[in-house]
Amino acid sequence: MNLVFLGPPGSGKGTQAVRLAEKLGVAHLSTGDVLRDAVKKGTELGKRAEKHMSAGELVPDDLIIGIIEEKVNSGELSHGFILDGFPRTIPQAESLDKMFEEHSMSLDLVILFDVSDDEIFRRLEGRAKIEGRADDNREVIANRLEVYRKQTQPIEDHYRKVAKLVEIKGEGTPETVFESLMAVTA
Ligand code: AMP
């Protein structure tokens, strides 16, 4: 099964992606995880991405599209996948459409996680205390939400046109959200 998880930061899509990928036996690709790992290792990609990430801004499209191209070309995604945190802009979504066309791949479903802003702040501030993520302080959280609204939300409409988009309630316990996910992917 080929899935894209879409939703604001803190909507729980990362947690659910890990769980569902394991259940379905498909690859889980989080561009945020790939970038954080590159920053930790101090690679060229990490150096170029770091300043954007710590400000809550998006990393330039060409860097991100390069990561995805590598994964698609390597065949790592050929037995099913969940893309978590990608695409996040219209150019990224259009590049993905093109890559899929070239590799005769397609998306089964785009799953949109719906969570209120209040709940997102509560969750991200909690995560900041536990994980100490540099991009989880109040000011940066507000910027990440703004970036989501401006740059990522327009791809909801893109996917309403070119794929099957379903919306699930991202509030509630991780168990109830997982049940909703199982229902829509069954
Ligand atoms: P995430 O863990 O998905 O919230 O990603 C953390 C940060 O990594 C984001 O705030 C962006 O700075 C960067 N990032 C992750 N995925 C993307 C993407 N698809 N496009 C641009 N920047 C990204």
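Which residue lies over the face of Phe178, and at what distance from the ring centre? In this predicted model, the residue over the face of Phe178 is Arg19, which lies at 4.2 Å from the ring centre.

**Aromatic pairs**

Searching the whole structure for aromatic pairs gives 2 of them, and their geometry is set out below.

| Aromatic pair | Centre to centre | Angle between the planes | Arrangement |
|---|---|---|---|
| Phe5 and Phe113 | 5.1 Å | 55° | tilted |
| Phe81 and Phe100 | 5.7 Å | 35° | tilted |

Because Phe5 belongs to strand β1 (residues 2–6) and Phe113 to strand β4 (residues 109–114), their pair ties together parts that are 108 residues apart in sequence. Phe5 and Phe113 are each buried. In the other pair, Phe81 comes from strand β3 (residues 81–84) and Phe100 from helix α5 (residues 90–102), so this contact ties together parts that are 19 residues apart in sequence. Phe81 and Phe100 are both buried as well.

**The cavity**

A search of the whole structure finds 1 cavity of 30 Å³ or more, and the space in the largest cavity comes to about 70 Å³. By residue class, the lining of the largest cavity divides into 7 nonpolar, 3 polar and 2 charged residues.

Notes. Residues are numbered from 1 along each chain as its sequence is written. This is a predicted model: local features need pLDDT of at least 70, side-chain atom pairs count only at pLDDT 80 or more; totals for chains, interfaces and linings use all residues. Side-chain values use heavy atoms; hydrogens and water are left out. Rings of Phe, Tyr and Trp (its six-membered ring) pair if their centres lie within 6.5 Å; planes under 30 degrees apart count as stacked, over 60 as edge-to-face and the rest as tilted. Helices (H or I, at least four residues) and strands (E, at least two) are DSSP runs, numbered from the N terminus. Buried means under 20% relative accessible area, exposed over 50%, partly exposed in between (1.4 Å probe, protein chains only). A charge sits over a ring if NZ of Lys or CZ of Arg is within 6 Å of the ring centre and within 35 degrees of the ring normal. On a 1 Å grid over the protein atoms alone, a cavity is a set of points where a 1.4 Å probe fits but cannot get out, and a pocket is an open set with protein on both sides within 12 Å along at least five of seven lines; lining residues have an atom within 4 Å of a point. Grid points are joined across faces, edges and corners, and a volume is the space filled by probe spheres set on the points. Ala, Val, Leu, Ile, Met, Phe, Trp, Tyr, Cys and Pro count as nonpolar, Asp, Glu, Lys and Arg as charged, and the others, Gly among them, as polar.
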